[in-house]
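Here is a short report on a two-chain model. Look at the sequence and the fold first, then read on.

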Amino acid sequence: MMTARNRYGILAPPLAMFALLVLLTLIGPMAWPHNAYDMDFAAVLAPPSWDHPMGTDANGRDVLARFLDGGRLSLLVGVVVMVGGLVPGALLGILAARLGGVVDAFVMRMSDSIAAFPPILLAMAVAIGLGGGLATAVLGVILSTLPFFARLMRSETRRILAMPFIEAARAMGASPALIVMRHVLPHSASTMLVQSAAVFGYGIATLAGLGFVGLGAPIPTAEWGVMITDGMPYALTGQWWIAVFPGLGILLAVSAANMLADRLSGLLRGDGEEVRP
Amino acid sequence: MIRTVLARLGLSLTAALGAALFAFLTLRVGPGDPARLVLGAFASDEAVAALRAEMGLDKPYVVQFVHYIADFVTGDWGKSYAMGEPVRSLLADRFPATIELGLCAFVIAVAMALLCGMVGSYARRDWITRLLRTLASFSIGVPQFWFGLILLMVGFECLGLFPGPVGRLGFGVPPPPSVTGLYTVDALLAGDLATFADACRHLLLPAVTLGLLPFGFLLRLFWANLDDVANEPFVLVGRSRGMTRWQVFRRYVVPNAIVPTLTASGLVLGQMLAGSVLVERVFNWPGAGALVTQGILQQDYSVVQTFILLSAVVYIVANLCVDVLVAAIDPRIARKDTAG
């Protein structure tokens, strides 16, 4: 028989990956002697060595230092996208489910309209419309996650509000706000957590894609997507290290998030269910 | 049935209208003046005002939005100011390349997902399951454009098996006489096998790259569907009547799991359109997606914005078709829709 501790043990690998990334990117830049923006023209396009474990790029910048800086930015963006999408999205979902009628129809049609755009293209439209740069790109990515959260929260709220104990709470005189706070939120937390983990990875991947086409972080910024663009002209002339390492970083962060989401949902529902945006 | 279709059509129309409104808002709400963006920072205020009037920017937003929709529907998508050509002809020139790439990627993704899903669900060996699960996680976690670059490094630079990022055909190979615009099909129609082989060689790496994400998505879905169906009572009944495990799998499990998977492949279209923007840039594939990245880099946004709204419309139409098809195939869905 499985003990509770064993069951949750499957969360250890993705959590360990996250811990590694967080430690590396928080402490790494302080401990590592090279800076992400210092150019050393004596060591341009140097292959990986003890001094530069990930080599240097075309401007003689240390790729490891840029990798660590970029990782910090990516993790931060992941968190911002996750929270920025979860809070308003969940609020819209609760309002739609609780009020019904016109509000419900409005929220659902709005999220249909947003979800009709392929997410990264929606983020592009927003970034271009608002003038470009990292902040507008992040705003675009957040906007593209709203439908995932709003729809899920709406169906969760409707499911929970239909349960008998809600009727009991109402009979005891609980106000709608109290019911939402005390019953709906706690009972939907696990589902929203799974979705949030998936969105965390999605945010990192999408921002890197935007950086790759020149709509995310501006050029000298150490950001994983931008770094891959930087390395692209050198990838086929032998200097593989510039583009390969940031891509590995994205792969690691996004896979950790997806794995966490999958395993959490497996634990919470008894088996794996599709949660990807 | 007809009621379901009509209701579904209404939803699609509102979604399309909302998407258009959204695209319009991103154009107008931003801090930049579109006329100023076209003419540059050094143009005189009179010139900007004249262009504003020409573009209709001095009219109320509601009028502008109606014009915007009318222009979009009639195919008047504006002009690319960097290239001096109408957006419609630019996109029309580029779409065959994107369609060829997308179709090939789609076929690879669906075929591989069906194959891997069946193997994964049927196999009882742990290492096969684990290998395929890792493959599925990898394909949805890997940044597509980076994966394309890795494929190029290995397939072109190290092994020399595939051509580099030079587009649809090798240097000096003339394109086949245009019938469909798809080089592989055209070459076959012209009976030119050498060109066909060359086009295939150029197509394979970008198509694998573009198909990777849809493959992972469909594989996970199909696998989950297979496992669900395998737990149904009729599977047990089949086994108890003496059918072998393979017979039950082939006759009962796969057909039941395949329908929901194929309907989800409509959803994959959005991923492919977005993916083409990133993947075409890596392979210098001369399609619509590459035109979009070029437009972004040159701050020539009319092409980009048209492509974005167009992809939303294509996505809505594709989903509408899938839903109607599914309702036509499975009467339970139509009944559920009208019931509530």
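## Domains and packing in a predicted model

The C-alpha centres of domain 1 and domain 2 of chain B lie 35 Å apart. Domain 1 covers residues 2-86 of chain B and domain 2 covers 90-297; such bounds come from an automatic or database domain assignment.

This is a predicted model: local features need pLDDT of at least 70, side-chain atom pairs count only at pLDDT 80 or more, and totals for chains, interfaces and linings use all residues. Residues are numbered from 1 along each chain as its sequence is written, while chains are lettered from A and ligands numbered from 1 in the order in which they are written.

**Confidence**

The model scores ipTM 0.85 and pTM 0.87. pLDDT is the predictor's confidence in each residue, from 0 to 100. Chain A has a mean pLDDT of 86, with 95% of its residues at 70 or more. In residues 271-277 of chain A the pLDDT is below 50. Beyond near neighbours in sequence, that stretch still has 23 contacts in the model. Two residues are in contact if their C-beta atoms, placed from the backbone, lie within 7 Å. Chain B has a mean pLDDT of 84, and 95% of its residues reach 70 or more. Its lowest confidence is in helix H14 (residues 331-339), at a mean of 56. Its highest is in helix H5 (residues 87-122), at 91. Where pLDDT is low, the predicted coordinates should not be read in detail.

**Chain A**

Chain A comes to 10 helices and 0 strands. Helices (H or I, at least four residues) and strands (E, at least two) are DSSP runs, numbered from the N terminus. The C-alpha trace of chain A spans about 75 × 55 × 30 Å along its principal axes. Of its 277 residues, 51% count as buried. A residue is buried if 20 or more other C-beta atoms lie within 10 Å of its own, exposed if 12 or fewer, and partly exposed in between, with C-beta atoms placed from the backbone. Ser155(A) sits in helix H6 (residues 134-161) of chain A. Why is Ser155(A) partly exposed? Because 15 other C-beta atoms lie within 10 Å of Ser155(A).

**Two helix pairs**

Axes are lines fitted to C-alpha atoms, for helices over the stretch in contact, and angles run from 0 to 180 degrees between N-to-C directions.

| Pair | Axes | Angle |
|---|---|---|
| H3(A) and H8(A) | within 8 Å | roughly 140° |
| H5(B) and H11(B) | 10 Å apart | about 145° |

H3(A) passes H8(A) in a right-handed crossing. A crossing is left-handed if the near helix is turned anticlockwise from the far one by less than a right angle, and right-handed if clockwise. Residues in this contact include Gly78(A) and Gly85(A) of H3(A), and Gly203(A) of H8(A). By class, the contact of H3(A) with H8(A) has 14 nonpolar, 5 polar and 1 charged residues. Ala, Val, Leu, Ile, Met, Phe, Trp, Tyr, Cys and Pro count as nonpolar, Asp, Glu, Lys and Arg as charged, and the others, Gly among them, as polar.

H5(B) also passes H11(B) in a right-handed crossing. The contact includes Phe106(B) of H5(B) and Phe249(B) of H11(B). It has 9 nonpolar, 4 polar and no charged residues.

**Where the chains meet**

In the interface, 48 residues of chain B contact 41 residues of chain A. H1(B) gives the most to the chain B side, with 9 residues. That side divides into 32 nonpolar, 13 polar and 3 charged residues.
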